[in-house]
Amino acid sequence: MSQQLTAGGRFRQALAETKPLQILGTVNAYHAMMAERVGHKAIYLSGGGVANASYGLPDLGMTSLNDVLEDVRRITDAVETPLLVDIDTGWGGAFNIAKTVRNMTKAGAAAVHIEDQVAQKRCGHRPNKEIVSLEEMVDRVKAAVDAKTDDDFFIIARTDAFQQDGLNAAVERAQACLEAGADGIFAEAVHTLSDYRAFAEGINGAHLLANITEFGATPLFNKQELAENGATMVLYPLSAFRAANQAALNVYEAILRDGDQKAVVDSMQTRMDLYDFLNYHDFEQKLDALFQEGKNK
């Protein structure tokens, strides 16, 4: 049945069947394949992840729509698991936002989130963020919704107003975004479970995403705690990326220090496990069959 659904339809199905829906950050196609194989029902491409992993840049709005689309296509070509994509502020005004939504849909994304920071944005868990007016954010959401070519494509409005203006102002923005057609709300940098509960009540039980990123403003709440306080989606944007980075650093340091990698081999994924996730042997068997067919002619 899932094969007949669009990417957006698969995301909505996962959201209906998994409560709360855990959405795992995957910075590249191989990480997406691993997340899919172990059973996750939704995955995520972080704007910060694209900047950091693909371009060696900080998360300060320095990458373009095409930069992100390249990684989107690589991931959606490799897996069927629905992909949520961070589109930052949409890369411009209404026409740019519309183009972004259309291109994301064509590239196979299932959902996006668009935020209310100014174009020169910062990581959501950093100080000194600046946000646009409520009216401008509503216009961004309307532009995104109006551009949908698939009714099931899922649009999440992210608000950074909680840190800047407090709970009531953030809830007011969330309500306005839902009225403008957003399918869900991403409440960024929330501090307590009671704040999530207040958000959920303020948006009358609409879909609410909790961003559980490490080393940020939000504690690492368990998915059950979040579900009990109104969250229907739980995002882990860069967890695997951070772990992979530390593992890589350990290997680089060990080889420089020891002159070989013997001390860190036990921390590595084996060649056979890599091949297993890539279905390497299926490809190899087809290659062998082609060679054999050629010899028999």
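Leaving aside neighbours within four places in sequence, which residues is F186 in contact with? They are H113, I156, A157, R158, T159, L209, N211 and L235, where contact means heavy atoms within 4.5 Å. Before going further, a word on what you're looking at. This is a predicted model, in which local features need pLDDT of at least 70 and side-chain atom pairs count only at pLDDT 80 or more, while totals for chains, interfaces and linings use all residues. Residues are numbered from 1 along each chain as its sequence is written, and side-chain values use heavy atoms, with hydrogens and water left out.

Back to F186, then. It is found in strand β6; helices (H or I, at least four residues) and strands (E, at least two) are DSSP runs, numbered from the N terminus. F186 counts as buried, at 2% relative accessibility. The cut-offs here are under 20% relative accessible area for buried, over 50% for exposed and partly exposed in between, with a 1.4 Å probe and protein chains only. For a sense of distance, take A243, which is 57 residues from F186 along the chain: their C-alpha atoms are separated by 24 Å.

One of the contacts of F186 is H113, so let's hop over there. H113 is found in strand β4, residues 111-115, and it is buried too, with a relative accessible area of 0%. Among the residues that H113 touches, not counting those up to four places away in sequence, are L84, V85, D86, I156 and R158. Y44 is another, and the side chains of H113 and Y44 are joined by a polar contact of 2.8 Å. That term covers a pair of N or O atoms within 3.5 Å; within protein, one must be able to donate a hydrogen and the other to accept it, and residues adjacent in sequence count only if both atoms are side-chain atoms.

Now step back and look at the strands together. Eight of them form a closed barrel, running β1-β2-β3-β4-β5-β6-β7-β8 with parallel pairing. From one strand to the next, the twist averages 25°. Two strands pair if DSSP finds at least two bridges between them. Take β2 (residues 43-45): three bridges join it to β3, and the two run parallel. Within that pair, L45 stands opposite V85 in β3.

Helices pack against these strands. Helix α4 (residues 65-78) lies across β2 and β3, running at about 170° to β3. Helix α8 (residues 167-179) packs on the sheet as well, touching β5 (154-159) and β6 (184-187), and its direction makes about 155° with that of β6. Axes here are lines fitted to C-alpha atoms, for helices over the stretch in contact, and angles run from 0 to 180 degrees between N-to-C directions.

Most residues other than glycine have a negative phi, and most peptide bonds are trans. Yet a cis peptide bond joins K19 and P20, with omega about -5°. P20 sits in the loop between α1 (7-17) and β1 (21-25). W91 isn't a glycine, but has a positive phi of about 65°; look for W91 in the loop between β3 (83-86) and α5 (94-106). F215 likewise has a positive phi of about 65° without being a glycine, and lies in the loop between β7 (207-211) and α10 (223-228). At 78% relative accessibility, F215 counts as exposed.
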